[in-house]
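Me: I would like to learn how to read a structure like this one. Please take the features in turn.

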Amino acid sequence: MPESDDRVPPAVPLLSLQAASLRFGGIVALDEVSFDVQPHTIFGLIGPNGAGKTTAFNVITRLYRVDSGDVLFDGRSLLHTPPSGVVRHGIARTFQNVELFPTMTVLENTLVGAHTVSRFKREGAMRAKAAEVLDYVGIASVAKRPAAGLPFGTLKRIELARALVSEPRLVLLDEPAGGLNHEEVEALATFIQRLRDDLKITVLLVEHHMNLVMRISDHVHVLNFGRTIASGPPADVQRDPQVIEAYLGGELEAAS
Amino acid sequence: MSRGLVTRLGVIAVAAGIVIVLGFRLSDYHLGLGARIAIYFIAILGLNILTGYTGQISIGHGAFMAIGGYTTALMSYYHHTDLLLTLPLALAVCFVCGLAVGIPALRLSGVYLALATFALAVSIPQLPLKWSKWTGGSNGIRTFTSPGNNWLYRVCWICAGIAFVAAWLLLRGRTGRAFRSIRDSELAAASSGVSLPIYKTLAFGVSAAFAGVAGSLFVLVTNGYAQPNEFGVLLSLQLLIGAAVAGLGSLYGTIVGALFIGLLPQISTSVPLIGSGHGQDVVFGLIVILVMILLPNGVAGLLGAIDSRFKSAIKSDPTTS
């Protein structure tokens with residue numbers, strides 16, 4: 001497991017949520033949630049169902065507006081960026097339930113991800129680049145097939161390719177292990193670590209697969225009912241009594 | 001060049017050849033009909049960019065045709081502008097009108113957008129009645145000169161060819177993919193950096209510009225008369241039917257859609273069904289219903305299905321994970 005160097009934190013975290021709050025009617029989805037994601041780390045965001053993890057993603061990607069608080073990326077507020085402008089800053093994401101373009105081919109899906117980096121570029125060069133990314137995520141063989149009808153694991157990889165082709169500095173992965181079998185989860189763990197180590201991409205990971213999160217994350221942040229209940233290195237978080245209570249003990253013990 | 005591209009260019013060359021040969025062989029009446037088909041082709045092409053590619057339903061394209069048509073008629077009547085020069089003018093006017101409609105339309109989607117555009121189809125063609133002193137009211141207004149069918153056939157099909165190439169250039173790369181991504185998933189499109197307001201409005205503008213040119217030519221084939229009744233709701237519906245028959249999101253099916261709405265009324269007139277004056281409408285409606293049931297994805301969907309069945313027959317489909 002790679003060691004994160006927490007002794008000398010960089011001056012500016014890549015992503016910073018500052019007391020972000022969001023209410024839906026009477027439900028508090030996020031209650032003054034703050035966390036800092038340091039560059040070139042894997043940051044695990046966990047919590048029971050309905051804890052506000054995906055809400056946090058949607059706040060960062062500007063699909064939801066915070067009622068109060070701020071979201072800083074590289075020291076600058078994102079609150080005036082439209083949803084389509086977020087990726088231009090260098091933030092790409094995947095979706096929990098896979099949001100693809102079903103009638104378009106796998107290659108075309110990937111090319112849409114390159115939308116912000118393909119202006120005034122030659123079509124052929126962009127296709128070559130997209131094909132390269134498809135090769136990197138291991139689905140080059142289905143490049144010309146329509147996305148609809150491909151296996152779920154492949155769809156998840158198309159989303160990854162679409163996110164990576166935009167040359168992001170931060171990727172938000174929303175339950176990338178959901179619906180994958182044991183071997184696929186193993187491959188995914190290696191893959192996410194390669195994103196950090198080889199491509200120098202920072203990863204914000206929402207995941208229910210506790211074993212995966214605890215194994216590859218440099219830092220784990222735990223939400224419950226929209227509030228932060230723990231934050232720190234995986235080993236510390238696993239021992240936190242509040243976290244154990246939130247998860248009723250079961251899953252975390254299995255992971256440790 | 002890929003094999004697919006060669007096949008497509010071949011199909012286009014054959015189609016262009018047929019159009020040219022017919023131009024020398026057809027009777028005067030049929031030249032007029034051929035010109036109408038070219039006009040439907042341009043309008044359906046435009047509607048397809050908006051509805052087929054970008055996923056924004058419009059039942060109001062007759063309104064944009066009316067704006068284009070009246071642009072030509074008014075310019076020709078009052079300023080004796082060369083008819084050919086009124087075409088780019090109609091294009092520009094309708095592009096701006098399309099943008100103007102597209103911006104408020106951003107707040108609507110699905111059936112609500114369909115209803116709003118339907119309201120356009122109902123209301124815009126009635127506007128000339130309001131200023132009937134200038135527009136001739138329900139009698140309409142006539143262009144200063146009205147060209148013959150031979151001229152019309154040529155001009156309409158040249159415009160259709162230009163429109164096809166323009167649509168193809170627009171849709172083949174980054175912009176076309178942005179349009180289609182919005183149709184497939186607005187959420188994923190926005191997250192990929194595709195600005196929904198910009199591309200949806202652009203699709204409206206371009207689509208309306210195509211309809212505007214079609215409207216100009218439409219006035220010319222109706223002996224130069226621009227009349228409110230010519231651009232009624234039925235025209236808007238016909239265009240949508242044509243686009244559906246063509247297959248939403250298919251450029252090549254457009255010619256079939258244009259032939260369908262251009263020729264079907266001719267054919268259904270000759271079917272003696274009920275003996276009433278509206279028998280042809282019944283036949284037209286029945287055929288439309290049949291086509292919708294039998295070809296839910298249009299002609300393009302049918303060709304695609306045949307193609308994939310053919311391919312899976314010659315090689316077993318490898319299931320990849």
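This is a predicted model: local features need pLDDT of at least 70, side-chain atom pairs count only at pLDDT 80 or more; totals for chains, interfaces and linings use all residues.

Reply: Residues are numbered from 1 along each chain as its sequence is written, chains are lettered from A and ligands numbered from 1 in the order in which they are written, and side-chain values use heavy atoms, with hydrogens and water left out.

Me: How many salt bridges are there over all chains?

Reply: Side chains of opposite charge can pair when their charged atoms come close. The rule asks for a side-chain nitrogen of Lys or Arg within 4 Å of a carboxyl oxygen of Asp or Glu. By that rule, the count over all chains is 15 salt bridges. One of them joins A:Arg23 to A:Asp67, with the closest N and O atoms 3.7 Å apart. A:Arg23 is in strand β1 (residues 15-24) of chain A and A:Asp67 in the loop between α1 (53-60) and β4 (68-73) of chain A, so this pair links distant parts of the chain, 44 residues apart. Helices (H or I, at least four residues) and strands (E, at least two) are DSSP runs, numbered from the N terminus.

Me: Is A:Arg93 buried or exposed?

Reply: The classes rest on relative accessible area: buried is under 20%, exposed over 50%, and partly exposed in between (1.4 Å probe, protein chains only). A:Arg93 is buried, as is A:Asp174. These two form a salt bridge with the closest N and O atoms 3.9 Å apart. A:Arg93 lies in strand β6 (residues 91-93) of chain A and A:Asp174 in strand β7 (residues 170-174) of chain A, so the pair ties together parts that are 81 residues apart in sequence. By contrast, A:Arg23 is partly exposed at 45% relative accessibility, and A:Asp67 is partly exposed at 44%.

Me: Which residues are linked in a network of salt bridges?

Reply: A:Glu123, A:Arg127 and B:Arg177 are linked in such a network.

Me: What does the domain assignment of chain A give?

Reply: Domain bounds come from an automatic or database domain assignment. For chain A that assignment gives domain 1 (15-90 + 168-255) and domain 2 (101-166). Taken over C-alpha atoms, the centres of the two domains of chain A are 25 Å apart. Contact (heavy atoms within 4.5 Å) involves 17 residues of domain 1 of chain A and 10 residues of domain 2 of chain A.

Me: How do I check the span of α8(B)?

Reply: The expected span of a helix is 1.5 Å times one less than its number of residues. The 24 residues of α8(B) should therefore span 34 Å, and the end C-alpha atoms are 34 Å apart, which agrees. Among the buried residues of α8(B) are B:Leu152, B:Trp157 and B:Phe164. The buried residues of this helix pack against α1, α2 (28-53), α4 (83-105), α9 (174-184), α11 (196-221) and α13 (254-269) of chain B.

Me: Which residues make the nonpolar surface patch?

Reply: Patches take residues with over 30% relative accessible area and no salt bridge; like charges are joined within 9 Å, nonpolar side chains (Val, Leu, Ile, Met, Phe, Trp, Tyr) within 5 Å. Accessible areas come from the Shrake-Rupley method with a 1.4 Å probe, and for residues only the protein chains shown count as cover. Here B:Leu9, B:Ile12, B:Val165, B:Trp168, B:Leu169 and B:Tyr252 make a nonpolar patch of about 490 Å². The largest share, 3 residues, comes from α8(B). B:Ile12 is in helix α1 of chain B and is partly exposed at 31% relative accessibility.
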